[in-house]
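Hi,

Here is the structure I said I'd pass on to you.

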Amino acid sequence: MSVTASAAGTTEPVRRRLSDRARGERSLGWRLAGPAFAVMLFVTLYPIAYAIYLSLFNYRLTDPSGRKFVGLKNYAVALSDSLFWQAFVTTFVIVVITLVVELVLGMAFAMVMNRIVLPRRTLRTIVLIPYAIITVVSAFSWLYAARIDTGFFNHWLHWLSLGGFPLDYNWFGGRWSSLTIICLSEIWKTTPFMSLLLLAGLAQIDSSLEEAAQVDGATWWQRFSKVVLPNMKAALMVAVLFRTLDAIRIYDNPYVMTGGANKTTTLSMLVANETINRVEIGMGSALAVILFVIVLIVAAIFVRGFKVDLTRTGRS
Amino acid sequence: MSEISPKAKWGLAGVAVPIMIWTVIPIAWIFATSLKSDSALGDSTLNTLGNFWPKHPTWDNYRLIFTGGAKDLFLPALWHSIVICLSATLISVVLATFCAYAISRLDFPGKKLILTTALGVSFFPVIAMVTPLFNLWRQIGLFDTIPGLIIPYLALTLPLSIWTLSAFFQQIPWEMEQAAQVDGATSWQAFRKVVAPLAAPGVFTTAIIAFFTAWNDFVFSINLTSSNARTVPAALAFFTGASQFTQPTGAICAAAVVVTVPVVILVLVFQRRIVTGLTSGAVKG
């Protein structure tokens with residue numbers, strides 16, 4: 001960095017003063033960075049630690065005197081409950097579907113944005129719009145679009161299929177059709193972020209590599225899979241990790257659209273139901289901790305297994 | 001690529017059209033729905049384009065949320081959203097500016113720890129914070145208050161601000177400050193004329209991104225408030241069933257448009273900076 005470079009250049013012979021200065025820099029560094037770090041830890045790690053503590057009790061908010069220590073019993077109950085596994089499956093179905101679709105769609109968007117000449121700025125601006133839309137608003141938009149009475153989906157599909165698609169098809173009548181709409185809303189809202197991350201990766205590829213492959217007679221698919229993808233692997237993995245961890249905590253979309261009906265309750269909704277509606281603080285905390293551990297495991301798999309280096313601060 | 005052939009150029013423009021349509025339709029749809037009268041919402045013969053656009057657009061739903069029956073639900077929520085999100089953004093950005101300045105300019109142990117923690121914390125399943133905070137807030141009286149929502153919002157905005165601002169500050173040519181001082185500027189002049197203009201775009205962009213994140217929150221708002229501090233996203237969900245006899249579809253859509261428009265304008269104006277902020281925090285290499 002520039003500061004250390006200029007300091008080293010001027011004060012090389014005076015060792016003693018440099019270390020004084022270095023010490024002053026260290027304490028100033030922590031005095032400036034400390035408050036932010038402390039507040040960050042206080043607002044995040046403290047609740048998690050408190051949740052771990054609460055999860056060891058059988059404790060209803062409405063009955064504080066009946067609170068009693070039960071050890072890991074809440075965890076045993078949660079993990080042997082079919083509702084938990086149903087929410088687990090629902091959550092991960094959403095994670096996998098949205099991730100795959102967003103990767104394909106995001107990649108396509110990024111490649112078009114990377115090459116496009118004509119409406120370049122307009123396209124880049126419009127693609128960013130869903131990022132600015134509140135998730136709940138997106139959920140309402142897709143909900144009303146798919147509902148029989150207010151919606152246009154059935155009308156458009158009816159028209160496209162030349163009358164084959166029933167006008168009174170109830171998207172929210174079953175588990176899989178509900179999940180389809182939930183996933184569509186989620187995909188619409190978060191694909192822009194994905195495509196921007198992928199675009200940043202694409203922009204770093206040396207275009208002469210691709211040209212060389214083209215000269216050598218490689219097909220489009222060969223250039224894409226052998227040159228483009230390997231060269232943007234880092235950006236790709238970061239995008240996948242970000243989206244996966246974000247999708248695991250999905251809450252807004254299913255809450256607004258189905259409220260968890262037809263087995264569409266996600267893990268986050270399960271935690272909230274247990275805590276807010278049933279005021280079972282002990283059990284709610286145990287579920288919260290389980291969700292937290294799931295996120296840690298997924299992150300560890302990515303960082304260890306796929307060697308995603310997130311804190312690479314050096315710019316080459 | 002050196003040159004793109006005219007054919008490829010028009011081909012790409014052709015691909016861009018469906019992308020733009022896919023992006024715009026849900027927004028156009030919520031706007032169209034906000035213009036529908038109660039009768040048009042349930043009767044497809046009153047709408048065109050396959051029940052999409054109303055034949056007789058009306059501003060009634062906007063009147064309903066600003067001066068009519070839904071006023072008491074919407075206006076306080078809008079006020080709460082603005083106050084809470086601005087406060088959380090301001091606190092985060094001020095703290096993060098000092099922190100990111102230290103990380104990018106000073107040499108001290110623990111830099112990497114701070115950045116790693118900021119990143120790790122931003123992937124917390126936020127719902128895991130809801131249960132302990134719900135219990136604690138109930139006991140100490142912060143439940144359903146404005147500070148009771150600002151504090152958890154810091155958990156959303158602060159890590160993000162630290163991470164994004166550090167990425168911005170690392171690209172600033174800080175030696176300009178020393179150059180100015182060598183040229184005879186005082187520290188204050190050097191700060192005001194050189195450092196502040198260099199740092200301001202990054203700080204501003206970070207503030208926008210942090211504000212969006214807080215503005216978007218639903219999990220904390222719906223679970224940690226009941227009426228005195230409820231923000232717009234949670235209030236929208238409670239429009240549903242507010243009246244037993246008519247579905248408040250139109251009112252929800254009108255309110256959604258009102259909270260969406262200012263944010264979309266921000267995005268349109270600061271598009272390039274926001275893209276830089278979003279990606280420089282995430283992908284560096």
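Set aside the neighbours within four places in sequence, and A:T135 is in contact with A:K189, A:D252 and A:N253 from chain A, plus B:N216 and B:F218 from chain B. Keep in mind as you read on that this is a predicted model. A:T135 lies in helix α6 of chain A, which covers residues 135–146. Is A:T135 buried or exposed? It's buried, because 23 other C-beta atoms lie within 10 Å, and the cut-off for buried is 20 or more. As for A:K189, that residue is 54 residues from A:T135 in sequence, yet the two are 7.0 Å apart in space, C-alpha to C-alpha.

Next, A:F140. The largest nonpolar core has 171 residues, and A:F140 and B:C99 are the ones with the most contacts inside it. Again leaving out neighbours within four places in sequence, A:F140 is in contact with A:V256 in chain A, and with B:I30, B:L236, B:I252 and B:A256 in chain B.

That brings me to how the two chains meet. In total, 94 residues of chain B are in contact with 98 residues of chain A. On the chain B side, helix α1 (residues 6–34) gives the largest share, 14 residues. That side of chain B divides into 70 nonpolar, 17 polar and seven charged residues.

Helix α5 of chain A (residues 120–132) packs with helix α12 of chain B (residues 249–269) at an angle of about 140 degrees, and their axes are 9 Å apart. The crossing of α5(A) past α12(B) is right-handed. From α5(A), the contact is made by A:T125, A:L128, A:I129 and A:A132, and from α12(B) by B:V263, B:V264, B:V267 and B:L268. Seven of the residues in this contact are nonpolar, one is polar and none is charged.

Last, the domains of chain B. The domain assignment gives domain 1 (1–58) and domain 2 (72–282), and the centres of these two domains of chain B, taken over C-alpha atoms, are 31 Å apart. How many residues of domain 1 of chain B are in contact with domain 2 of chain B? Seven, and they're in contact with seven residues of domain 2. On the domain 1 side, α1 and α2 (38–42) of chain B each supply at least two residues, with α1(B) giving the most, four residues. By class, that side of domain 1 of chain B has three nonpolar, two polar and two charged residues.

Cheers

Methods:
Residues are numbered from 1 along each chain as its sequence is written. Chains are lettered from A and ligands numbered from 1 in the order in which they are written. This is a predicted model: local features need pLDDT of at least 70, side-chain atom pairs count only at pLDDT 80 or more; totals for chains, interfaces and linings use all residues. Axes are lines fitted to C-alpha atoms, for helices over the stretch in contact, and angles run from 0 to 180 degrees between N-to-C directions. A crossing is left-handed if the near helix is turned anticlockwise from the far one by less than a right angle, and right-handed if clockwise. Two residues are in contact if their C-beta atoms, placed from the backbone, lie within 7 Å. Ala, Val, Leu, Ile, Met, Phe, Trp, Tyr, Cys and Pro count as nonpolar, Asp, Glu, Lys and Arg as charged, and the others, Gly among them, as polar. A nonpolar core is a set of buried Ala, Val, Leu, Ile, Met, Phe, Trp, Tyr and Cys residues joined through C-beta atoms within 7 Å. A residue is buried if 20 or more other C-beta atoms lie within 10 Å of its own, exposed if 12 or fewer, and partly exposed in between; C-beta atoms are placed from the backbone. Domain bounds come from an automatic or database domain assignment.
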